Amino acid sequence: NRKLRSLSSLWRWMERRGCVEDNPWTGQGAFSARVRRGGSKKRAYSVDELCKLLSSEPEKVAGERYGSVIRDLMRLGLLTGCRIGELCDFRVEDVMMDARAIRIPQRKTENARRVAPVQENIWPIIVRRARESVDGRLFPGLTPGGPDGKRSWIVVKRYAAFRRAVLSEDKSVDFHSFRRTFATYLERASVTCTAVNTSTIAELMGHAKPTLALAVYSAGLVPAQLRLAIDALDSVLEDDVVKLI
């Protein structure tokens with residue numbers, strides 16, 4: 001699917017430039033629109049699901065080595081909105097202690113490179129992992145795997161086994177659902193806090209800005225402004241979830 005997607009993208013590029021007349025890869029692979037319509041739509045976690053995940057012991061399913069990693073990754077994913085690949089690749093040098101923020105290098109797109117203030121409930125996790133690091137990474141000892149040699153490869157599989165053990169075989173959620181939940185919390189916070197808007201949410205999540213003027217001409221928000229948006233999460237986080245974090 002990954003190779004088919006790349007080929008399809010290349011052919012679309014050539015179509016726009018008149019190099020080819022049609023795209024033979026259209027509709028091929030499990031990423032096609034036809035296949036997606038028949039599958040389960042991915043969604044954010046419910047409060048009940050979050051409580052079950054955060055109160056469970058991943059070590060019993062994923063083992064001691066990866067269980068402790070999953071325990072922290074769930075909490076960081078929920079309140080930073082970072083992709084699992086970004087989280088697993090964090091280095092100690094990416095932690096901005098004075099600003100209580102993390103620097104996310106460019107990964108998937110140019111917009112993915114950003115500085116994100118860290119919500120107060122998970123800042124102790126960042127500090128602990130930075131101080132205990134033995135190889136300059138927040139999550140040391142992760143074995144790269146898969147065709148791309150990603151450090152998140154085994155973690156994704158171990159988390160999937162843990163999630164199924166806790167929430168059954170519901171395919172509408174995965175680790176990326178923490179990122180969906182983070183976006184949901186931000187949208188809810190936007191109702192009462194003017195610091196949270198579509199532009200702020202896009203910048204915090206590493207997405208393109210919603211308008212051409214902002215995407216092309218704006219230099220972006222400063223960390224202090226992004227901090228206001230992150231602090232606004234306090235008004236929408238459920239008490240049960242906060243206790244378990």
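## A walk along helix α4

You are looking at a predicted model, where local features need pLDDT of at least 70, side-chain atom pairs count only at pLDDT 80 or more, and totals for chains, interfaces and linings use all residues. Residues are numbered from 1 along each chain as its sequence is written, and side-chain values use heavy atoms, leaving out hydrogens and water.

Switch to cartoon view to find twelve helices and three strands (DSSP runs numbered from the N terminus: H or I of at least four residues for helices, E of at least two for strands).

Now select residues 47–55, helix α3, and residues 59–80, helix α4. Their axes come within 9 Å and cross at roughly 145° (lines fitted to C-alpha atoms over the stretch in contact, with angles from 0 to 180 degrees between N-to-C directions). Show side chains next: Leu-50, Leu-53 and Leu-54 of α3 meet Met-74, Arg-75 and Leu-78 of α4 (contact is heavy atoms within 4.5 Å).

On the α4 side, pick Met-74, Gly-77, Leu-78, Leu-79 and Thr-80; on the α8 side, pick Phe-178, Arg-179, Thr-181, Phe-182 and Tyr-185.

Residues 24 or more positions apart account for 64% of the contacts with a separation of 6 or more.
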